[in-house]
Amino acid sequence: MNTRWNDLISFFKMRKARNLEIEGVSVFICQWMKGHGCALPPFGILVGPDHNQDLIRHEFGHILQYKSRGFFRFYFQVGIPSLLNLFLLGLEKWISGKNQIIPLHSELTVEKEANALSFSYFNKIEK
Ligand SMILES: [Zn+2]
């Protein structure tokens with residue numbers, strides 16, 4: 001990787017775990033993302049240090065959405081609405097004290113689609 005990427009990676013306090021990738025997509029460990037993940041195609045996938053395979057596979061589902069939609073449609077139909085939803089749920093948690101972020105976020109159509117795409121992708125490979 002070139003120096004610009006390395007500067008960006010250290011700016012966000014990320015490290016690329018050696019050999020950690022999924023289907024050729026780089027996975028970066030991001031210290032402040034505990035319990036969460038985020039797909040940032042074409043750059044890669046960011047996950048917290050406590051990641052598991054299910055999370056990485058879910059984020060890979062977003063990469064599959066990116067591949068079928070292309071850059072602009074992915075960010076406008078999936079990335080931005082998903083982040084906005086997380087922001088609003090976070091705001092609701094801050095105001096009401098009720099933490100329903102993960103269950104309600106998972107109900108988004110694009111989140112369910114990412115799970116379904118990932119599930120069928122890995123089921124085909126493992127058969
Ligand atoms: Zn997601």
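Start with the contacts in this protein between residues at least 6 apart in sequence: 30% of them join residues at least 24 apart. Two residues are in contact here if their C-beta atoms, placed from the backbone, lie within 7 Å. Before going further, this is a predicted model, in which local features need pLDDT of at least 70, side-chain atom pairs count only at pLDDT 80 or more, and totals for chains, interfaces and linings use all residues. Residues are numbered from 1 along each chain as its sequence is written.

Now the overall layout. The protein has 5 helices and 4 strands, and along the sequence they run α-β-β-β-β-α-α-α-α. Helices (H or I, at least four residues) and strands (E, at least two) are DSSP runs, numbered from the N terminus. Along the principal axes, the C-alpha atoms fill a box of roughly 45 × 40 × 30 Å.

How many of the residues count as buried? The figure is 20% of the 127 residues. Buried means that 20 or more other C-beta atoms lie within 10 Å of the residue's own; exposed means 12 or fewer, and partly exposed is in between, with C-beta atoms placed from the backbone.

Next, the core. In soluble globular proteins, nonpolar side chains tend to be buried together. A nonpolar core here is a set of buried Ala, Val, Leu, Ile, Met, Phe, Trp, Tyr and Cys residues joined through C-beta atoms within 7 Å. The largest one has 14 residues, and I45 and V47 touch the most other members. At least two residues each come from β2 (25-30), β4 (44-47), α2 (53-69) and α3 (71-96). The biggest contribution is from α2, with 5 residues. Leaving aside neighbours within four places in sequence, the contacts of I45 include V25, V27, F28, I56 and F60.

G37 is also on the contact list of I45. G37 sits in strand β3 (residues 37-40). Why does G37 count as buried? Because 21 other C-beta atoms lie within 10 Å of it. Not counting residues up to four places away in sequence, G37 touches I45, L46, V47, H51, L55, H58 and E59. For H51, 14 residues along the chain from G37, the C-alpha separation is 7.8 Å.

Two backbone details in the strand region. P41 and P42 are joined by a cis peptide bond, with omega about 5 degrees, and P42 is in the loop between β3 and β4. E23, in the loop between β1 (14-22) and β2, has a positive phi near 50 degrees despite not being a glycine. E23 counts as exposed because it has 11 C-beta neighbours inside 10 Å.

On to α2. This helix has 17 residues and spans 24 Å from first C-alpha to last, close to the 24 Å expected at 1.5 Å a residue; the expected span is 1.5 Å times one less than the number of residues. Its buried residues are I56, H58, E59, F60, G61, H62, I63, L64, Q65 and Y66. Just after the helix, G70 takes a positive phi of about 90 degrees.

How does α2 lie against α5 (residues 109-126), parallel or perpendicular? Their axes come within 7 Å and cross at roughly 100 degrees, so the two helices are roughly perpendicular. Axes are lines fitted to C-alpha atoms, for helices over the stretch in contact, with angles from 0 to 180 degrees between N-to-C directions. Under 35 degrees counts as roughly parallel, over 145 as roughly antiparallel, 65 to 115 as roughly perpendicular, and the rest as oblique. The residues that meet include F60, G61 and L64 in α2, and A114, L117 and Y121 in α5.

A116 is also in α5, and with 12 C-beta neighbours inside 10 Å it counts as exposed. The C-alpha atoms of A116 and G61 are 7.6 Å apart, across 55 residues of chain.

Last, V78 in helix α3. V78 is buried, with 22 C-beta neighbours inside 10 Å. Beyond four places in sequence, V78 touches H62, Q65 and V110.
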